[in-house]
Amino acid sequence: MHPLLATDLAQLPALLATARELSLDYLAALPDRSVALATTELVPPVLPEEGAGGEAALRQFWAEYAPQLGASAGPRFLGFVTGGSTPAALAADWLVSAIDQNLSSDGYSVAPAIERAALHLLRQLFGLPDAFAGVFVTGATQSNLVGLAVARQWAAARAGHDVAQQGLFGLPPLPLLSGAAHSSIYKAAAILGLGRAQVRAVGQLPGREAIDPQALEAALRELNGQPAVVVANAGTVNSTDFDDLGALVALQQRYPFWLHVDAAFGGFAAVVPELADRVAGWEQADSITIDAHKWLNVPYDAAMLFTRHQPLQAEVFKNSAAYLGPLGDRPDFVHLGPENSRRFRALPVYLSLLAYGRAGIADIVARNCAQAAALGALLDASSAFRLLAPVRLNVVCFTLTGANTSGRHIREFLERVRDSGETFLTPTVYAGMPGMRAAFSNWRTGLPDVARVMAALHAAVRESAEQVGT
Ligand SMILES: *Cc1c(COP(=O)(O)O)cnc(C)c1O
């Protein structure tokens with residue numbers, strides 16, 4: 001063994017104690033550190049011939065770069081849809097690295113059984129029937145990819161073609177119909193050889209981001225019985241709008257399409273009784289994407305794909321090798337997703353669900369929605385801002401009032417907000433209007449954070465006005 005590795009092995013308790021100490025300091029200060037900051041290009045280090053040892057390397061990294069880390073896991077990071085880590089999820093994630101399991105198959109560790117158990121807990125959390133088989137993947141992008149890959153397999157199978165076996169060549173295009181598809185759907189279409197251009201925007205209900213079921217029916221009718229994929233949205237990123245999933249499911253009686261529901265964060269509506277009607281009907285969908293590293297507040301990276309068509313999924317993802325054994329009735333996860341080797345990302349989910357239960361998760365969701373509503377009300381009451389969409393869930397989509405509402409102006413405004421260190425929001429365009437979004441999905445956020453965010457937004461408005469005045 002190299003002497004530095006031997007020393008580190010001997011000093012492992014001290015090294016891990018250092019990591020623990022740095023982590024605890026970081027987490028204690030998390031609510032008050034700069035939420036986000038402009039980053040500078042870093043000069044990549046030269047690979048040393050002789051290393052510094054674990055403790056020195058760790059301390060040097062921390063001294064140099066900890067001040068430049070964004071508090072994306074903290075309570076006022078409202079960009080994208082970003083969760084933090086519950087205490088149980090964080091502790092579990094540490095263990096994941098310590099125990100570093102190979103999850104390839106049953107037979108040498110309980111870990112794959114825990115993955116299945118975590119999926120079982122999630123089905124209960126979301127009220128999904130046992131007919132939905134699940135698989136863990138790295139994020140909702142990957143989950144959408146898996147769902148659409150199975151959809152592709154289904155569509156071609158209708159014409160007696162096995163895409164996984166024979167490839168896509170010579171097949172007619174497979175239209176992907178959606179009201180307001182997330183960018184990751186285009187990415188998945190590109191990766192899968194379906195093509196970004198096959199993602200077709202279907203009309204939305206007036207003033208909404210939800211798909212118009214009549215427009216969808218018209219689009220399906222035009223396909224003359226050709227199979228399609230409908231990508232339903234359960235929580236759009238701008239206005240957190242939900243397609244009427246029941247109406248879409250009903251259309252499956254008359255038109256051949258695969259119904260994939262992108263419920264990356266909106267799926268959590270199912271956890272709160274007052275919100276659960278938003279996803280009514282999703283138990284009839286063919287595949288469902290739900291992110292875990294957003295609203296479940298487990299560390300990156302984790303999401304799930306649920307499908308009622310596991311045999312088709314295995315056709316796509318089966319990984320045949322003599323030493324992996326036959327597929328059987330309950331295929332190992334290596335046969336169900338893009339990854340073969342993978343992280344034991346089920347453990348933080350499993351432990352967080354057992355630690356906090358349904359009520360604990362529901363409380364995070366309900367409080368985040370209340371915080372979004374509170375910020376929405378404050379913005380609505382301020383002459384400096386205008387809501388672009390009603391606050392339906394956990395996201396506030398709004399813009400500045402006055403003449404200066406160009407995309408460039410919004411970006412400059414958001415840079416000011418970021419440089420205050422108080423909060424971080426991301427720009428968007430909603431119904432042709434440049435604007436911004438504040439997305440609440442962190443378990444630590446409280447109503448006092450909403451007041452601080454509002455104060456920071458007002459301060460940035462004043463600074464912008466002074467800038468114009470000088
Ligand atoms: C975040 C999000 C995605 C992509 O998720 P990642 O976890 O970043 O890969 C897809 N769809 C929706 C609706 C999302 O909100």
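**Figure 1. Asn297 in the loop between E6 and E7.** In this predicted model, Asn297 sits in the loop that connects E6 and E7. Its phi is near 60°, a positive value in a residue other than glycine, and with a relative accessibility of 0% Asn297 counts as buried. As background to this view, most residues other than glycine have a negative phi, and most peptide bonds are trans.

**Figure 2. The cis peptide bond between Tyr300 and Asp301.** Tyr300 and Asp301 are joined by a cis peptide bond, for which omega is about 0°. Tyr300 is placed in the loop between E6 and E7, and Asp301 is likewise found in the loop between E6 and E7. When residues up to four places away in sequence are not counted, Tyr300 touches Thr82 and His293. The view also takes in Asp93, which is 207 residues apart from Tyr300 along the chain, with 9.5 Å separating the two C-alpha atoms.

Figure 3. A search of the whole structure for cavities of 30 Å³ or more finds 1, and the space in the largest cavity is about 40 Å³. Its lining is made by Asp93, Val298, Pro299, Tyr300, Asp301, Ala302, Arg343, Arg345 and Pro348, so that both partners of the cis peptide bond are among the lining residues. By class, the lining of the largest cavity holds 5 nonpolar and 4 charged residues, and no polar ones.

**Figure 4. Asp100 in the loop between H4 and H5.** Asp100 is found in the loop that lies between H4 and H5, and its phi, near 40°, is a positive value in a residue other than glycine. Asp100 has a relative accessible area of 62% and is therefore exposed, the cut-off for that class being over 50%. Asn297, shown in the opening view, also has a positive phi, near 60°, but counts as buried at 0% relative accessibility.

**Figure 5. Helix H5 and the elements that cover its buried residues.** Helix H5 runs over residues 111-126, and its 16 residues reach 23 Å from the first C-alpha to the last, which is close to the 22 Å expected at 1.5 Å a residue. The buried residues of H5 are Ala111, Pro112, Ile114, Glu115, Ala118, Leu119, Leu122, Arg123, Leu125 and Phe126. Among the elements that cover these buried residues are strand E1 (133-137), strand E6 (287-291), strand E7 (303-307) and helix H12 (346-381). Gly127 follows H5 and has a positive phi, near 65°.

Figure 6. The domain assignment of the protein gives domain 1, made of residues 21-86 + 361-470, and domain 2, made of residues 101-343. Taken over C-alpha atoms, the centres of domain 1 and domain 2 are separated by 30 Å. To the contact between the two, domain 1 gives 28 residues and domain 2 gives 25 residues.

**Figure 7. The largest pocket and the helices that line it.** The largest pocket holds about 1000 Å³ of space, and 33 residues line it, with Ser23, Tyr26, Leu27, Leu90 and Trp94 lying nearest its centre. Helix H2 (12-29), helix H3 (54-65) and helix H4 (87-99) are the elements that give two or more residues to this lining. By class, the lining of the largest pocket has 20 nonpolar, 10 polar and 3 charged residues, and at least three of its residues are drawn from each of domain 1 and domain 2.

**Figure 8. The second largest pocket, between domain 1 and domain 2.** About 330 Å³ of space lies in the second largest pocket, which is lined by 16 residues, those closest to its centre being Phe80, Val81, His182, Val237 and Lys294. Because domain 1 (21-86 + 361-470) and domain 2 (101-343) both give residues to its lining, the second largest pocket lies between them. Helix H6 (140-157) and strand E10 (426-430) each supply at least two of the lining residues, and the largest share, 3 residues, comes from E10. The lining of the second largest pocket divides by class into 6 nonpolar, 7 polar and 3 charged residues.

Conventions
Residues are numbered from 1 along each chain as its sequence is written. This is a predicted model: local features need pLDDT of at least 70, side-chain atom pairs count only at pLDDT 80 or more; totals for chains, interfaces and linings use all residues. Side-chain values use heavy atoms; hydrogens and water are left out. On a 1 Å grid over the protein atoms alone, a cavity is a set of points where a 1.4 Å probe fits but cannot get out, and a pocket is an open set with protein on both sides within 12 Å along at least five of seven lines; lining residues have an atom within 4 Å of a point. Grid points are joined across faces, edges and corners, and a volume is the space filled by probe spheres set on the points. Helices (H or I, at least four residues) and strands (E, at least two) are DSSP runs, numbered from the N terminus. Ala, Val, Leu, Ile, Met, Phe, Trp, Tyr, Cys and Pro count as nonpolar, Asp, Glu, Lys and Arg as charged, and the others, Gly among them, as polar. Domain bounds come from an automatic or database domain assignment. The expected span of a helix is 1.5 Å times one less than its number of residues. Buried means under 20% relative accessible area, exposed over 50%, partly exposed in between (1.4 Å probe, protein chains only). Contact means heavy atoms within 4.5 Å.
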